[in-house]
Each structure stands twice: as C-alpha cells, then as structure tokens.
Amino acid sequence: MLIPTIIMAILATGFVLWGYLEGKGNHLTGLKSAYKMLIEILPLLIFAFIIAGMVQVLLPHDLLSRWVGTEAGFKGILIGTLAGGLTPGGPYVSLPIVAGLLKSGAGVGTMVAFLTSWSLWAVARLPMDIGILGWKFTLIRLASVFFFPPIAGLIAHYFFSNIPLD
C-alpha cells in the first residue's frame, strides 16, 4: 500500500500545485470539492472497512474455503458472480470487501468473478440504466456481458490460483 499511497500523494500535490500556479484559485476550489466528497463518502468507506475487517475474523476459514475458496471451484465462482452483481455501491465498498475475503481465504477466481459481475451487472444500478438508456439498450448490454463474470472467474481460477497475493 506504500507505493500507491506515494503515487497518489505525488499526483495530488502536482494537481494542487498546478491549480495554484494558474492563479485563478482553482486549487482552493478543487480542495473544497475534495472535502465535500470526503464528507459524503467517509461514512460509507468506514462501514465498508468495518465489514471487510469483520469478515476476516467472523467467517470461519473452513466455511469460506467450502463456499468461496479455491476448493469451491465453479460453485464458488457462481456465488462470487451473484454476490458481486448484487453488491451496491462504488469501489470504496466492494474493494475492501474483496480484500477482506481474500485475506480470509476466498479464491482468486471467486473474487475476480465478484468484481467482474459487480462492475458489469450492477443490479443496483439497473433502475438508473433503464431510466437513462431505456430498457431495450439495458437488456442488450446485460445480454452482451452476462457470461463474462464466470468466464473471468474461471480464467483466474485455472491460471492464477497458485500465485501468492501477498
């Protein structure tokens, strides 16, 4: 986590400096906008990290292994696919949950299927998709990506399950 933090710090500092050097007060406007986003997202982020931490200590390792671990195989990939598609929120919700599950013994394939279905299916986003894009286009989009999450999970399971993630 140190390298990504350093990269983000350099980028943030560079953008603030750029805004300052423009002399239009853009750096202050940008910082105010960042503060508003922080206040809006922080409670959700805190709860997502609490869930991720609690998953690591409350769910028994053998239960996770049986249902979503590498040993679960295709069943685990399907569970990950369904859970990801039904998980609401942005990456600040799903990524900490996946990180917690991975640390607790969830399989790589299952978690790839989870994240892929979370981003492609996004059941919680369907009302907005239908409202903005229409039901026909939404159905076309869903039909076009329907099989991708389990396929991505299978690829990750068969090719990358033996790679240590630490």
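Predicted model: local features only at pLDDT ≥ 70, side-chain atom pairs only at ≥ 80, totals over all residues.
## Close-up views of the model

**View 1. The side chain of Ser-117 has a polar atom 2.6 Å from the backbone oxygen of Thr-81.** Residues are numbered from 1 along each chain as its sequence is written, and side-chain values use heavy atoms, with hydrogens and water left out. Ser-117 sits in helix H6, which covers residues 108–120 (helices are DSSP runs of H or I with at least four residues, strands are runs of E with at least two, and both are numbered from the N terminus). Is Ser-117 buried or exposed? With a relative accessibility of 0%, Ser-117 is buried (buried is under 20% relative accessible area, exposed is over 50%, and partly exposed is in between, using a 1.4 Å probe and protein chains only). Leaving aside residues up to four places away in sequence, Ser-117 touches Gly-80, Thr-81, Gly-84, Gly-85, Ala-122 and Pro-149 (touching, or contact, means heavy atoms within 4.5 Å).

**View 2. Ala-122 has a positive phi of about 40°, even though it isn't a glycine.** Most residues other than glycine have a negative phi. You'll find Ala-122 in the loop between H6 and H7. Ala-122 is buried, because its relative accessible area is 10%. Ala-122 also turns up among the residues that Ser-117 touches.

View 3. Arg-125 is partly exposed, since its relative accessible area is 31%. The other bridge runs between Arg-141 and Asp-129, with the closest N and O atoms 2.8 Å apart. This pair links distant parts of the chain: Arg-141 is in helix H8 (residues 135–145) and Asp-129 is in helix H7 (residues 126–133), 12 residues apart. Arg-141 and Asp-129 are both buried. Through shared partners, the salt bridges tie Arg-125, Asp-129 and Arg-141 into one network. For Asp-129, the relative accessible area is 7%, so it counts as buried.

**View 4. Thr-138 and Leu-139 both belong to helix H8.** The side chain of Thr-138 has a polar atom 2.8 Å from the backbone oxygen of Gly-134. Thr-138 is buried, because its relative accessible area is 3%. Skipping residues up to four places away in sequence, Thr-138 touches Leu-126, Asp-129, Ile-130 and Leu-133. And Leu-139? Leu-139 is partly exposed, with a relative accessible area of 49%. Leu-139 and Leu-126 are 13 residues apart in sequence, and their C-alpha atoms are 9.8 Å apart in space.

**View 5. Trp-121, Phe-146 and Phe-147 make up one aromatic cluster.** A search of the whole structure turns up four aromatic pairs. In one of them, the rings of Phe-146 and Phe-147 have centres 5.1 Å apart and planes at 90°, so the pair is edge-to-face. For such pairs, rings of Phe, Tyr and Trp (its six-membered ring) need centres within 6.5 Å; planes under 30 degrees apart are stacked, over 60 edge-to-face, and the rest tilted. Phe-146 is partly exposed, at 43% relative accessible area, whereas Phe-147 is exposed, at 56%.

**View 6. Lys-75 lies over the face of Trp-67.** How far is Lys-75 from the ring centre? The distance is 4.5 Å. A charge sits over a ring if NZ of Lys or CZ of Arg is within 6 Å of the ring centre and within 35 degrees of the ring normal.

**View 7. Zooming back out, the chain has nine helices and zero strands.** The radius of gyration is 19 Å, well over the 15 Å that the globule rule gives for 166 residues, so the chain is more spread out than a compact globule (the radius is taken over C-alpha atoms, and the rule is 2.2 Å times the number of residues to the power 0.38). The C-alpha atoms fill a box of roughly 60 × 45 × 30 Å along the principal axes. Of the 166 residues, 31% count as buried. Among contacts with a separation of 6 or more, 72% are between residues 24 or more positions apart.

Notes:
Salt bridge = Lys/Arg side-chain N within 4 Å of Asp/Glu carboxyl O. Polar contact = N/O pair within 3.5 Å; in protein donor to acceptor, adjacent residues only side chain to side chain.
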